[in-house]
Amino acid sequence: MSHDWARVRADFPLLQREVHGKPLVYFDSANTGQKPAAVIDATDAFYRSHNANVSRAVHALGNEATEAYEGARGKLARHLNVRADELVLTSGTTFAINLVAYSWALPRLQPGDAILLTRMEHHANIVPWQLVAQRTGATIKVAEISTDGVLDLDALDAAMTPGVKLLGVTHVSNVLGTINPVGEICRRARKRGITTVVDGSQALPHMAVDIPAIGCDFYALTGHKMCGPTGTGALWGRREHLAAMPPFLGGGEMISEVRFDGTTFNDPPHRFEAGTPNIAGHVGLGAAVDYLDAIGMDAIAAREQELLAHLTEEMRRIDGLRIIGNAPDKAAVVSFLLQGAHGHDLATLLDLEGVAVRSGHHCAHPLMQFYGVPATCRASLAFYNTHAEIDAFTAALRKVRKLLL
Ligand SMILES: Cc1ncc(COP(=O)(O)O)c(C=O)c1O
């Protein structure tokens, strides 16, 4: 099915605005994605017409709120091809990974065990494991990458030694754009009895994700990068893991019965959703899933690959520009350095041209250390971007380059 991408773009109110008197070119979607009117309207409609707490009231509004919240869980579950009762709604990936760290890993790991990570992980898939390692005596191992930003699968294989109990791997790198073959990686890990945690934050915005086909044990995701509101996300976990895991946080909603001589806990996923959740946010995330599904993730992926090819070709024409991350399988995320220019100066001057890119370490210090740089600039696209914006961006880059050099 062919799409009218100009009409799709018109669904995003913010993309119509100007910045510093110039039309906005928003190339920072890996940081957070823009929201279509359908998502803004769904959140707004929840507060205007259905607002109540979930699962606590029998009145009509309470039922409507519970239905809307659980409905969103169901939409996300269908989108990922999993069961809704295996999907814990969280504030995002950071919470989701910490939930695995504290509820699955902390009670299990001991001295002599190891946690295997890759060089290209976001801090959200490093620091929770370091905290677990400190408390359990386990160690952290790192699988390296090539300078093109491709995971070395043989090295990863070799690192899966008997002590390794858990593997944390990102589906798509937020810096390099590399799409990792997570299905193959999880298959290899599973053969060795290693539990796998896939960070799907940067995959969900760009492609169809079928969790059972990947074959991981846990899959973490964040809603705000996939057109949903901030403070939304989920952890998918295999039923047997979730059923065996103690709660991470205690409070209302996650219990079955509370007595001073002992409390029994609710079943998953509610066991892991203590307190009042982000109801309106997740209703918005449900609308985001509807929105993405209506376009189709395969159409989105194809559109973004076209944009990426154009962007890469144009950027390669600019003298002194080096792209960091040249994996053959890449999402529309391009990190770069411009010889002689400081990333922050570059991003600041691009902003004056109406172009929003991120400059910094992108919460991936170990990856910056690998490339021997303190920071990169990153242009990250979504299906709502256009070829004309790519041309405006590269024209702005050339202009800024002249100013800086
Ligand atoms: C690869 C990756 N993992 C994890 C995160 C953390 O997501 P959140 O801050 O939404 O929890 C991000 C966000 O930038 C990311 O890009």
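## Ligand site in a predicted model

An oxygen atom of the ligand lies 2.6 Å from an N or O atom in the Lys225 side chain, a polar contact (a pair of N or O atoms within 3.5 Å). The protein covers 86% of the ligand's own 400 Å² of accessible area (Shrake-Rupley method, 1.4 Å probe). This is a predicted model, where local features need pLDDT of at least 70 and side-chain atom pairs pLDDT 80 or more, while totals for chains, interfaces and linings use all residues. Side-chain values use heavy atoms, without hydrogens or water, and residues are numbered from 1 along each chain.

| Residue | Ligand atom | Distance |
|---|---|---|
| Asp199 | nitrogen | 2.5 Å |
| Gln202 | oxygen | 2.6 Å |
| Lys225 | oxygen | 2.6 Å |

Around the ligand there are 13 residues, with Thr94 and Thr222 among the closest (a heavy atom within 4 Å). That shell splits into one nonpolar, ten polar and two charged residues, with Gly counted as polar.

As for the setting, the ligand sits in the largest pocket (more than half of its atoms within 2 Å of the grid points). A pocket here is an open set of points on a 1 Å grid where a 1.4 Å probe fits, with protein on both sides within 12 Å along at least five of seven lines, and lining residues have an atom within 4 Å of a point. The volume is about 210 Å³, taken as the space filled by probe spheres set on the points. Of its 19 lining residues, those nearest the centre include His122, Asn174 and Ser201. Both domain 1 (5-31 + 296-404) and domain 2 (41-293) give at least three residues each to the lining.

Technical notes. A polar contact is a pair of N or O atoms within 3.5 Å; within protein, one must be able to donate a hydrogen and the other to accept it, and residues adjacent in sequence count only if both atoms are side-chain atoms. Domain bounds come from an automatic or database domain assignment.
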